[in-house]
Amino acid sequence: MIVLLTGEDQYAIQEQLNQYKAEIDAQWLTLCYHRFPADHLDRAISVARTRSLTGGKKLVIVENCHLKQWGDTELSTLQQLVQVPEFTILVFVATNVDKRLKIYKHIVKYAKLFEFPLIPPWRTDLIEKAIATQAKKIKLVLSKDAVEYLAEAIGNDMTRAASELRKLYIYGNSRKLEFAEVKELVPCQTQNSLQLASAIRQGESNQVLHLLNDLLSRSEPLMVIVATLLTQFRTWLWVKSAIVSGVKKDSELAQLCSISNPNRIYYLRQEVANTSINALAKAVTMMLDLEMSIKRGTEGKDLLPTILSVSRLLKPT
């Protein structure tokens, strides 16, 4: 079996790899479980083509395959995919792939494609559902308020969610955990980023610099900061757009904007009351450009200029 796993949800991908690994006889893991970096493709394919000495399944994983690093030589090597035995599980793992590439089109002729995109950080309803599902798997009982808090505190980082839930399971010792206990045990790493978003929206440049410096001094990942800002500004834009279009009921606003707690609408109305929809739309565009810049490996050089530009854009006149 040949598989291509793609997406940014590293937790889900690792769970899938663990399932494949569980199919290998534990006493033969040394002989039947192999991991290779993408630049060792020829070696990986050679191992995959060789039948298992134990007569059972063999797992071969090729990691970090964004495919663009491969050329004609690798394409020639991949012609051997047709020779991979039935009992070999050959897995290509990629964060993202360009489906227009010749190599991609060749691989999917033989491979099953599984895509694992991250839950959008603004879809708190889906994040809550994912956290509740993970908790149920390990028999951790949480109150509804506790699940909502975890979604806010952790965001769409499912790897961290799994770690925090295991910690809560050990602490809870099979009893139900309430909001107060969970809040004490799991820090909300997005809180200062939300404060930063609020300061940007109000055009408070000095406060923006203070909060951003605090986040960076604590080695807060740039993508976490930007993801939180983007989530908040998208929410403001959606709410403002709905209000401008004539939606009046809080329940309708909450549903249209995918906000799980309708009570939050009261505060969101106040937050966007004096902000123009055009300014919010431009701010979201600038945040999206910043996110793409960081993903391309600019090491955050555009972070401060972009955030200050957005702050000046939204500063009340």
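Is Phe179 buried, partly exposed or exposed, and at what relative accessibility? In this predicted model, Phe179 counts as partly exposed because its relative accessibility is 34%, a value between the 20% limit for buried residues and the 50% limit for exposed ones. The ring of this residue is part of an aromatic contact, described below together with a second pair and a charge placed over a ring.

A search of the whole structure finds four aromatic pairs. One of them is formed by Trp70 and Phe92, whose rings are arranged edge-to-face, with 6.2 Å from centre to centre and 75 degrees between the planes. The pair links distant parts of the chain, 22 residues apart: Trp70 belongs to the loop between β3 (58-63) and α4 (72-77), and Phe92 to strand β4 (residues 88-94). Trp70 counts as buried, with a relative accessibility of 8%. Phe92 is also buried, and its relative accessible area is 0%.

Tyr149 and Phe179 form another aromatic pair, likewise edge-to-face, in which the centres are 5.7 Å apart and the planes stand at 85 degrees. Tyr149 is located in helix α7 (residues 144-154) and Phe179 in helix α9 (residues 179-185), so this contact ties together parts separated by 30 residues in sequence. Tyr149 counts as buried, at 7% relative accessibility, whereas Phe179, at 34%, counts as partly exposed.

An aromatic ring also takes part in a contact with a charged group. The charged end of Arg201 sits over the ring of Trp236, at 4.9 Å from the ring centre.

Methods:
Residues numbered from 1 in each chain as written. Predicted model: local features only at pLDDT ≥ 70, side-chain atom pairs only at ≥ 80, totals over all residues. Heavy atoms only, no water. Phe/Tyr/Trp six-rings, centres within 6.5 Å; stacked < 30°, edge-to-face > 60°. Helix = DSSP H or I, 4+ residues; strand = E, 2+ residues; numbered from the N terminus. Buried < 20%, exposed > 50% of the residue type's maximum accessible area, 1.4 Å probe, protein only. Lys NZ or Arg CZ within 6 Å of the ring centre and 35° of its normal.
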